[in-house]
Amino acid sequence: RKAGSLIIFVCDASGSMALNRMNAAKGAAMSLLTEAYQSRDKICIIPFQGDYAEVLLPPTRSIAMARRRLETMPCGGGSPLAHALNVAVRTGLNAQKSGDVGKVVVVCISDGRANVPLSYAAETPPPAEEREKPDRKELKEEVLATATQLRSLQGFNLVMLDTENKFVSTGMAKEIADAAGGKYHYIPKASESAIASVA
């Protein structure tokens, strides 16, 4: 019995792009789920917004459950990307330990720009009034450190789908993909078919 793969969708559900990004991610997740069902793969969804990321859909082969969870996905707020990648790594490692998952593919749908530091996701986050504007360089370092960690893990792959909607991209999503030794695709209008075909 061969171990299947686990496809983890890490979806940016923050602020402005949230809705159309989320809908594209949901659609792609559904079509991948149908494929995964045939090839014994599992799928997992981790949206990130506000102060932290959480597993919305634990690894599953259940299409019905995925659809239900997807329909109630929260949106808005900040972009805790480093925490989302951390949660994806933890989820993937746990799935590998269980023995029925070999390969873990992390599909990250984001413009790569984090604006929420990891400390906000801690058990005792700093109270709002003590929060200074996070340092952009530190935020970037947190995200790249997590991506680099992902690279060192056996059986892990990152696919970065860049949704940055700009004439001049900051190139951050590409840097994350490079740090993780993963694949990078630029999808300014992240459509379902584009996302599904890449993953």
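Lysine 42 is buried, at a relative accessible area of 16%. Here, buried means under 20% relative accessible area, exposed means over 50%, and partly exposed lies in between (1.4 Å probe, protein chains only). Please keep in mind that this is a predicted model, in which local features need pLDDT of at least 70 and side-chain atom pairs count only at pLDDT 80 or more, while totals for chains, interfaces and linings use all residues. Residues are numbered from 1 along each chain as its sequence is written, and side-chain values use heavy atoms, with hydrogens and water left out.

**Lysine 42 and its partner**

Lysine 42 forms a salt bridge with aspartate 100, and the closest N and O atoms are 3.0 Å apart. The term salt bridge stands for a side-chain nitrogen of Lys or Arg within 4 Å of a carboxyl oxygen of Asp or Glu. This pair links distant parts of the chain: lysine 42 belongs to strand S2, aspartate 100 to the loop between helix H3 (81–97) and strand S5 (101–110), and 58 residues separate them. Aspartate 100 also counts as buried, at 17% relative accessibility. Its side chain has a further partner in serine 98, through a polar contact of 2.8 Å between the two side chains. A polar contact is a pair of N or O atoms within 3.5 Å; within protein, one must be able to donate a hydrogen and the other to accept it, and residues adjacent in sequence count only if both atoms are side-chain atoms.

Of the 199 residues in the chain, 47% are buried.

Strand S2 (residues 42–49) is mostly covered, with seven of its eight residues buried. Which strands pair with S2? Strand S1 (residues 4–12) runs parallel to S2 and is joined to it by seven bridges. Strand S4 (residues 57–60) pairs with S2 in the antiparallel sense over two bridges, and strand S3 (residues 52–53) also pairs with S2 in the antiparallel sense over two bridges. Strands are said to pair if DSSP finds at least two bridges between them.

Aspartate 12 stands opposite phenylalanine 48 in S2. Isoleucine 45 has leucine 57 in S4 as its bridge partner, and glutamine 49 stands opposite tyrosine 52 in S3. The hairpin of S2 and S3 has two residues between the strands, and there glycine 50 takes a positive phi near 70°.

**Other charged pairs**

The structure holds five salt bridges. Three of them are set out here.

| Salt bridge | N to O distance |
|---|---|
| Lysine 42 and aspartate 100 | 3.0 Å |
| Arginine 131 and aspartate 51 | 3.1 Å |
| Lysine 140 and glutamate 175 | 3.1 Å |

Aspartate 51 sits in the loop between S2 and S3 and arginine 131 in the loop between S5 and helix H4 (136–151), so their pair ties together parts that are 80 residues apart in sequence. Aspartate 51 is partly exposed, with a relative accessible area of 26%, and arginine 131 is partly exposed at 25%. Arginine 131 has another contact: its charged end sits over the ring of tyrosine 120, 3.8 Å from the ring centre. For this, NZ of Lys or CZ of Arg must be within 6 Å of the ring centre and within 35 degrees of the ring normal.

In the pair of lysine 140 and glutamate 175, the side chains meet in a salt bridge of 3.1 Å, N to O. Lysine 140 is in helix H4 and glutamate 175 in helix H5 (residues 172–179), 35 residues apart. Lysine 140 counts as partly exposed at 33% relative accessibility, as does glutamate 175 at 30%.

**Cysteines**

How many disulfides are there? The count comes to zero, where a disulfide is a pair of cysteine sulfur atoms within 2.5 Å. The sulfur of cysteine 11 has its closest cysteine sulfur in cysteine 108, and at 8.3 Å this is too far for a bond. Cysteine 11 is buried at 1% relative accessibility, and cysteine 108 is buried with a relative accessible area of 1%.

How values were computed: Helix = DSSP H or I, 4+ residues; strand = E, 2+ residues; numbered from the N terminus.
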